[in-house]
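Hi there,

Here is the structure I promised to pass on to you. Have a look at it first, and then read on for what turned up in it.

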Amino acid sequence: MTPGARAAAGGPPNPGHLLGYRNSVNQHERTFVVSAGRGPHGPNQPVNMPVDFTSTYSYRPGVHASLDYAREGMPSWSPLEELLAQLEAGTRTTFQSQGQVTTAEEHPVQVLPGLLFSSGMAAISAVVHLLPPGGHLIMPRHSYMGFSALAQQMADQGLLTLHRVDIADTAQVSSTLHDVSTLAGAQDARVMLWIESPTNPMLEIADLPALLAAAKQRGVLTAVDNTFATPLRQRPLQHGADVVVHSVTKFLSGHSDLIMGAAITGDREIHQRLHQHRTLHGAIPGPMEVFLALRGVRTLAVRLDAAESNAGELSRRLDQLSRDAGLPLRKVNYPGLAAHPQHQRAAEQLGGFGAILTIELDADQPGSADAWDSAQPGSGEPQPGQPDSGQRITSQRSEAEVADAVLSALQLWTPATSLGGVESLAERRRRHPGEPSSVPDGLIRLSVGIEDVEDLFADLLNALRAAAAGEPIR
Ligand SMILES: Cc1ncc(COP(=O)(O)O)c(C=O)c1O
């Protein structure tokens with residue numbers, strides 16, 4: 001809602017409603033995330049948007065008021081909702097008023113203001129519920145486990161039929177699309193294709209343009225979870241996705257200090273239904289969280305660049321270690337590595353390879369203490385935690401135990417779930433019973449932060465060495 005519209009509705013002008021632009025020149029993303037969603041310049045104007053700490057708005061009988069109860073919407077959400085929508089559309093647009101289709105200036109992608117939710121899962125739940133009862137959901141076999149559990153629960157309740165696919169296998173997804181659409185008959189809206197790319201935690205890359213085109217051809221509803229890539233690296237709406245969802249908790253807000261979600265679409269009907277779902281289910285964010293998330297988005301571009309550069313460097317060094325050093329490191333997965341099965345696709349499709357990588361730990365091998373010699377080229381001195389010459393690890397540990405030994409030896413990286421914050425986090429994913437057994441038991445997901453890469457690498461190397469030395473889990 002614009003200040004003018006609010007004034008017309010009987011309220012005082014509030015610059016919080018206006019997505020103002022300082023100039024009419026196209027802005028680079030880095031500039032855009034900093035400058036969008038601010039009020040106009042002028043005497044006594046706040047640089048940041050005011051936040052309404054209120055649950056309700058007053059009205060005057062007989063006077064139209066567009067604001068009522070804050071569960072339905074509040075102006076404090078608008079700057080972030082509009083900013084995210086424009087980032088996803090990849091276009092600088094002018095929202096005429098809250099809830100109206102925008103006029104895209106340079107790009108054909110139409111977008112409505114995004115919809116913020118209380119969590120990524122709340123946004124996901126609203127989107128999945130676009131499917132009518134009896135619908136078909138085609139989804140990646142590897143995807144965020146909370147989403148996977150929700151989909152399974154809905155399937156168990158008979159609300160939908162699940163079709164799990166290898167989302168990186170375009171031929172398999174296309175033939176599933178064909179089979180399921182045929183099964184579902186002419187009622188196209190009964191089928192939804194859910195894409196996560198890169199997938200969590202396996203980092204598989206879907207052929208986004210091909211899959212979205214194939215789904216569109218069949219009239220299948222499409223949703224993309226863009227949490228890992230962020231709109232600075234991938235814009236599914238530009239490839240024809242109907243809805244994009246985010247865990248704003250992650251890269252967008254970027255400081256591991258809040259939980260929030262978002263859904264973005266250019267389709268009026270979908271927007272209206274998601275809005276209604278949010279209002280009726282009460283899955284709304286608090287104004288303080290929205291303020292913090294908007295503050296976090298201001299640094300998204302610089303944070304992502306820094307974290308991604310760290311992730312690339314770490315992936316190369318760890319990859320080298322996995323081949324040369326004899327440490328219990330079996331494999332490094334990162335779309336930026338040439339060995340990644342969809343490396344080429346990632347290079348063509350993504351604006352960057354992201355800040356998440358995974359490492360797979362090996363179970364103890366007989367004689368694994370010998371790893372020390374090759375792990376420390378040129379170093380004759382024993383290091384802390386290094387076994388004495390000739391010492392052998394007697395009891396063999398599973399790969400999960402080796403991974404846990406690595407995690408417990410970390411000093412800088414924090415063993416914690418979640419990702420996308422400025423601080424580096426590491427987690428063995430299979431500690432969650434919800435992760436499928438196709439995810440290796442000894443797989444650690446690394447969410448790379450913006451610390452100095454040398455410190456991050458040194459800490460990982462020390463932890464790998466400690467695990468190789470058979471140090472107990474602390
Ligand atoms: C890819 C992905 N989507 C969605 C979610 C759920 O988001 P939230 O935790 O904000 O509910 C997560 C959480 O880890 C995630 O990794």
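How many helices and how many strands does the protein have? It has 14 helices and 14 strands. Please keep in mind that this is a predicted model. Of the 474 residues in the protein, buried residues make up 52%. Among contacts between residues at least 6 apart in sequence, 70% join residues at least 24 apart.

**The open sheet**

Seven of the strands form an open sheet with mixed pairing, and their order is β3-β9-β8-β7-β6-β4-β5. At the edges you will find β3 (115-117) and β5 (160-165), each of which pairs on one side only. From one strand to the next, the twist averages 20 degrees.

If you want a pair to click on, His-136 stands opposite Thr-161 in β5. Helix α6 (residues 170-184) lies across β4, β5 and β6 (191-196), and it runs at about 170 degrees to β4.

**A buried helix and its partner**

Next, find helix α4, residues 120-128. Is it enclosed or open to the outside? Nine of its nine residues are buried, so α4 is largely enclosed by the rest of the structure. Among these buried residues are Gly-120, Ala-122, Ala-123, Ala-126 and Val-127.

Helix α4 packs against helix α5 (residues 145-156) at an angle of about 35 degrees, with their axes 10 Å apart. The two cross in a right-handed way. On the α4 side, the contact is made by Met-121, Ile-124, Ser-125 and Val-128, while α5 brings Gly-146, Phe-147, Leu-150, Ala-151 and Met-154. Sorted by class, the residues of this contact are seven nonpolar, two polar and no charged.

**Around the ligand**

Which residues are closest to the ligand? They are Ser-119, Gly-120, Met-121, Tyr-144 and Ser-247, out of 15 residues that surround the ligand. The shell around the ligand divides into four nonpolar, nine polar and two charged residues.

**Another helix pair**

Helix α10 (residues 300-324) and helix α14 (residues 453-468) also pack at an angle of about 35 degrees, with axes 10 Å apart. Here, too, the crossing is right-handed. Asn-310, Glu-313, Leu-314, Arg-317 and Leu-318 of α10 meet Val-453, Leu-456, Phe-457 and Leu-460 of α14. This contact has six nonpolar residues, one polar and two charged.

Finally, look at strand β13, residues 425-428. Leu-425 and Glu-427 point one way from it, Ala-426 and Arg-428 point the other way, and all are buried. In a regular strand, side chains alternate between the two faces of the sheet.

Strand β12 (residues 414-415) runs parallel to β13 and is joined to it by two bridges, with Thr-414 opposite Leu-425. Strand β14 (residues 443-447) pairs with β13 in the antiparallel sense over four bridges, and there Arg-445 is the bridge partner of Glu-427.

Enjoy exploring, and do write back with any questions!

Best wishes

Terms used
Residues numbered from 1 in each chain as written. Predicted model: local features only at pLDDT ≥ 70, side-chain atom pairs only at ≥ 80, totals over all residues. Near = placed C-beta within 6 Å. Nonpolar A, V, L, I, M, F, W, Y, C, P; charged D, E, K, R; others polar. Axes fitted to C-alpha atoms, helices over the stretch in contact; angles between N-to-C directions. Left-handed = near helix turned anticlockwise from the far one by under 90°. Contact = placed C-beta atoms within 7 Å. Buried ≥ 20, exposed ≤ 12 C-beta atoms within 10 Å, placed from the backbone. Pairing = 2+ DSSP bridges.
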